[in-house]
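Reader: I have a model open and some questions about it. Can we go through them one at a time?

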2 protein chains.
Amino acid sequence: MKKSHLFTPGPTPIPPDALLAMSQPIDYHRSEDTVALIKDVLKKMKHVFQTDNDVLFLTSSGTGAMDGAVANLLCKDDKVIVIRSGKFGERWSEICEAYGVQVIPIDVRWGDSVAPEIVESTLSTHPEAKAVFATLCETSTGALHDIEALADMTKSTQTLLVVDAVSALGADDLQMDNWGVDVVVSCSQKGLMTPPGLAFAALNQRAWKAVNRSNLPKYYLDYRKAHERGIEGSVPFTPAVTLLAALQYALNRICEDGIQETICRHNRMAIATRSAIKAIGLPLFATSPANTLTSIRLPEEFDGKVFVKMMREKHGITYAGGQGNLSGKIVRIAHLGWMNENDVIVAISAFERGIAEMGYDVPLGAGVTAVQEVLKNSMD
Amino acid sequence: MKKSHLFTPGPTPIPPDALLAMSQPIDYHRSEDTVALIKDVLKKMKHVFQTDNDVLFLTSSGTGAMDGAVANLLCKDDKVIVIRSGKFGERWSEICEAYGVQVIPIDVRWGDSVAPEIVESTLSTHPEAKAVFATLCETSTGALHDIEALADMTKSTQTLLVVDAVSALGADDLQMDNWGVDVVVSCSQKGLMTPPGLAFAALNQRAWKAVNRSNLPKYYLDYRKAHERGIEGSVPFTPAVTLLAALQYALNRICEDGIQETICRHNRMAIATRSAIKAIGLPLFATSPANTLTSIRLPEEFDGKVFVKMMREKHGITYAGGQGNLSGKIVRIAHLGWMNENDVIVAISAFERGIAEMGYDVPLGAGVTAVQEVLKNSMD
């Protein structure tokens, strides 16, 4: 009678109507029904991206859209500024290097978020930089970045702001148009409550001009083709039609609540989780934590890998461990997508019991009580 | 009480156990269960590819693997020979051009298959060509190519043979190792009876040497990363886990019958379909038709688009129309993937009724009778 709970920052649980949509007989991707499906999905995505720009999609994981951002916006030997505060910031610079784009790195200690002043001074030293590559929520650390502050600087320059919102879209606020962000990329399997396999990008007019200048090679990840076809409800290549069908159901839920209420729900869950971890007596890893997930630094004597494995095998609870240098040192609990207050209670109560089993002296119930208090207050 | 039948050359119908696998609660892609799933799928794919080489996968449509073949095997300004006998042969040359690879085209009339002698003479004129790009079944025309003959030429040269088996894998024979094919690419939504979103490639030792020399930019479509992680049951980027779950069920079916029996089944369905079309009195479009699909040239007075639309809307039967110059002129009926004799009967009987409704003077029952005769004989 094992019942599984998935608290990883992607894939995230899929609502049952979306799950069942995928088990319907599959349809042809050139049918009028699929054309209507694609148009509907891309229209609703604009609400989620908080933009009037068109949203394009690719059949790929989020990294496909990140790769595409570099390949479509830049030219060989262009200089760009990359904020590296974890594995996904580093991914931006790996992609740039793969394409022969010169990276001016801003390295931030993992767990911290970049100070906007450092970006400002780097921008003034390198006004020739074609783009700043940033991350809304650095999933490897749980740190949120102040994208609004970055956009405030870049929008008056010739430098584009390109934001990886892969994990945080729909969980942390990102007002593409209001803030003046040039490019946002994301994917299906996080806040969008859909299995992995679809990636998205939205570009403003400034960014499309850069696309027209770009000379880097691209074919499958060609943004212009995806965009031109997408607005007609079509695709250059066979898309993941079953995932589009699931996404439509998931987007209906988000649009029904509205994107701002969806973000508020994530914020309530995040505050409750952080409050619980503090009550349990463990330190949060990120200095400016995101709504997307909470990273917890484990006690020195803990082997985080053993803990994560034990929780999955014995309790059916899947948290994410640390990546790279953080392997075994932190645990990451996502409160992302199709989740509400009761899921936070499950995540925290299981965490309490689990660390107690590992021998950590935890005041049982302290975390759950803290969650209850936050949730009660936020309901008032 | 509309009941839909999908006869397009991808997506193809999904077996119910595979459909239901996708509606199970989603799992984390770094779990031990997913590692075991990936290992099992990639092992079974070797049987389907008829190779001892490792098979790698990407989360993309088949074109992602085609793009990857160019980006991973070649260098800028390399010369390659591209056989262009339809839309997908042309796609090879579009990808090469996107990467600055020089294309030596062999243009073949759409519907025809390349004469191996022409490839041989092009190879002898251009021994510097790094690769020949070919297509097993040219899906836009239904033409089969003699890959064995091409491999016979290339295997004694320095030129690699790269085969697009996107639509034909599991339907038309392709003995990668026995024939000496260097690279084969394919995808999930055709003979593999799984929704679109996964692409595959297998490379032999010669091809991996070319990968090590290649200087074209790649990141998301990096074959080496996908291969190195794949053999450990892992991935460089979040994979389409629900599609992998479905694929496992689909592969179990293929492996149970065996790849050669699977190909024989497709051959029986193809022969029956062709025989029916002849009995109906319409010409086949491809001179060497594949097992994958049958292309039929419609009567001059027919608007093929109207016919395809009417069949879908009125009868729930989805055939594929023509692409590019063939739009409205041909209809394509796939007998591909999760299909057997009874599906051919449905496809042909509906076709008979449909063209009769369009005013074509068809001897009703002639096609179905021809199918019956072929099937009866093949059962004896």
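Reader: What stands opposite A320(B) in β14(B)?

Author: R332(B) does. This is a predicted model, where local features need pLDDT of at least 70, side-chain atom pairs count only at pLDDT 80 or more, and totals for chains, interfaces and linings use all residues. Residues are numbered from 1 along each chain as its sequence is written, chains are lettered from A in the order in which they are written, and side-chain values use heavy atoms, without hydrogens and water.

Reader: In what sense do β13(B) and β14(B) pair, and over how many bridges?

Author: Antiparallel, over 2 bridges; pairing requires at least two bridges by DSSP, and strands are DSSP E runs of at least two residues, numbered from the N terminus.

Reader: And what is the strand order in the open sheet?

Author: The order is β11-β14-β13 in chain B. β11 (293–297) and β13 (320–321) are at the edges with a single partner strand each, so one side of each has no neighbour in the sheet.

Reader: Changing topic: how much do chain B and chain A bury between them?

Author: About 4,000 Å², 63% of it on carbon and sulfur atoms. Buried area is the accessible area (1.4 Å probe) lost on putting two parts together, summed over both.

Reader: Which three residues of chain B supply more of its buried area than any other three?

Author: I26(B), Y28(B) and Y219(B), with 17% of what chain B buries against chain A.

Reader: How many salt bridges cross the interface?

Author: The rule finds 6, taking a side-chain nitrogen of Lys or Arg within 4 Å of a carboxyl oxygen of Asp or Glu. One of them joins K309(A) and E32(B), with the closest N and O atoms 2.7 Å apart.

Methods:
Helices (H or I, at least four residues) and strands (E, at least two) are DSSP runs, numbered from the N terminus.
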